[in-house]
Amino acid sequence: MSSKSSLDVSLTVLDPPGGWINAPVHVHDLHGRPVLLYFWTERFASSQSQFPRLQSLVREFIPRGLQVIGVHVPMKGQAPDQAMDTNDIEATVKRLGFHHPVAVDDCSIAQAYGVRGTPAYLVFDESLKLRLRVMGDESLEEVLRPLLERLTSAESTAGASAP
């Protein structure tokens with residue numbers, strides 16, 4: 001489901017309390033590129049039906065200039081020390097084959113962007129203005145893909161810096 005409210009939010013908060021896996025990301029490095037910020041939990045990553053669809057989109061759009069950033073958030077009821085165990089999360093990220101940056105969040109980043117559940121997807125344009133917020137996977141193909149197509153088209157990225 002798409003949220004039309006709060007689409008005036010810019011991508012400004014990326015300072016995960018648990019740090020980064022793969023590589024840190026600084027907001028000032030993202031200007032000129034569309035960004036997919038997606039929020040996930042271990043439960044979502046273990047889904048046999050949903051997660052491969054996200055992986056397919058990531059593999060398709062990263063070469064077209066999309067910056068992808070994962071944000072791992074704790075599952076409800078998960079103990080804080082387990083939720084922020086970067087060794088465990090890093091092992092999951094490696095097992096999943098992620099090569100893009102993943103932030104380890106204590107829910108503060110999720111809260112800053114109004115994310116109340118996972119999976120959640122936020123798409124920012126090349127000026128880092130929020131263009132779409134969707135929750136759940138039913139919108140991956142119908143809503144997310146067309147926007148990513150438009151934002152990563154040759155016309156949209158002609159002035160963007162190389163990835």
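The model is predicted. Its mean pLDDT is 80, and 81% of the residues reach 70 or more. One covers residues 1-7, which have 17 contacts in the model beyond near neighbours in sequence. The other covers residues 157-163, with 9 such contacts.

Start with the charged side chains. The count comes to 4 salt bridges. Glu60, Arg64, Arg145 and Glu149 are linked in a network of these bridges. Take the network link by link. Glutamate 60 and arginine 145 meet with N and O 2.6 Å apart. This link joins distant parts of the chain: glutamate 60 sits in helix α2 (residues 51-61), arginine 145 in helix α6 (residues 140-151), and 85 residues separate them. Next comes the bridge between arginine 64 and glutamate 149, at 3.2 Å from N to O. Arginine 64 lies in the loop between α2 and β3 (67-72), while glutamate 149 is in helix α6, so this pair also ties together parts 85 residues apart in sequence. A further bridge joins arginine 64 to glutamate 60, with the closest N and O atoms 3.8 Å apart.

Glutamate 60, at 28%, is partly exposed. Arginine 64 is partly exposed too, at 29%. Glutamate 149 is partly exposed at 30%.

Where does aspartate 105 sit? It is found in the loop between β4 (102-104) and α5 (108-112). What does its side chain reach instead? One polar atom of the aspartate 105 side chain lies 3.0 Å from the backbone nitrogen of isoleucine 109. The side chain also reaches the backbone nitrogen of alanine 110, at 2.9 Å. Leaving out residues up to four places away in sequence, aspartate 105 touches Pro17, Val71, His72, Val73, Pro74, Met84 and Ala110.

The whole structure holds 3 aromatic pairs. Tyrosine 38 and phenylalanine 98 have ring centres 6.1 Å apart and planes at 70°, so the pair is edge-to-face. Tyrosine 38 belongs to strand β2 (residues 35-40), and phenylalanine 98 to the loop between α4 (86-96) and β4. They are 60 residues apart, and the pair links distant parts of the chain. Both residues are buried.

Tyrosine 113 and phenylalanine 124 also pair edge-to-face, with 6.0 Å between centres and 75° between planes. Tyrosine 113 is in the loop between α5 and β5 (120-124), phenylalanine 124 in strand β5, and the two are 11 residues apart. Tyrosine 113 and phenylalanine 124 are both buried. Which residues form an aromatic cluster? Tyr38, Trp40 and Phe98 do.

Technical notes: Residues are numbered from 1 along each chain as its sequence is written. Side-chain values use heavy atoms; hydrogens and water are left out. Helices (H or I, at least four residues) and strands (E, at least two) are DSSP runs, numbered from the N terminus. A polar contact is a pair of N or O atoms within 3.5 Å; within protein, one must be able to donate a hydrogen and the other to accept it, and residues adjacent in sequence count only if both atoms are side-chain atoms. Contact means heavy atoms within 4.5 Å. Rings of Phe, Tyr and Trp (its six-membered ring) pair if their centres lie within 6.5 Å; planes under 30 degrees apart count as stacked, over 60 as edge-to-face and the rest as tilted. Buried means under 20% relative accessible area, exposed over 50%, partly exposed in between (1.4 Å probe, protein chains only). pLDDT is the predictor's confidence in each residue, from 0 to 100.
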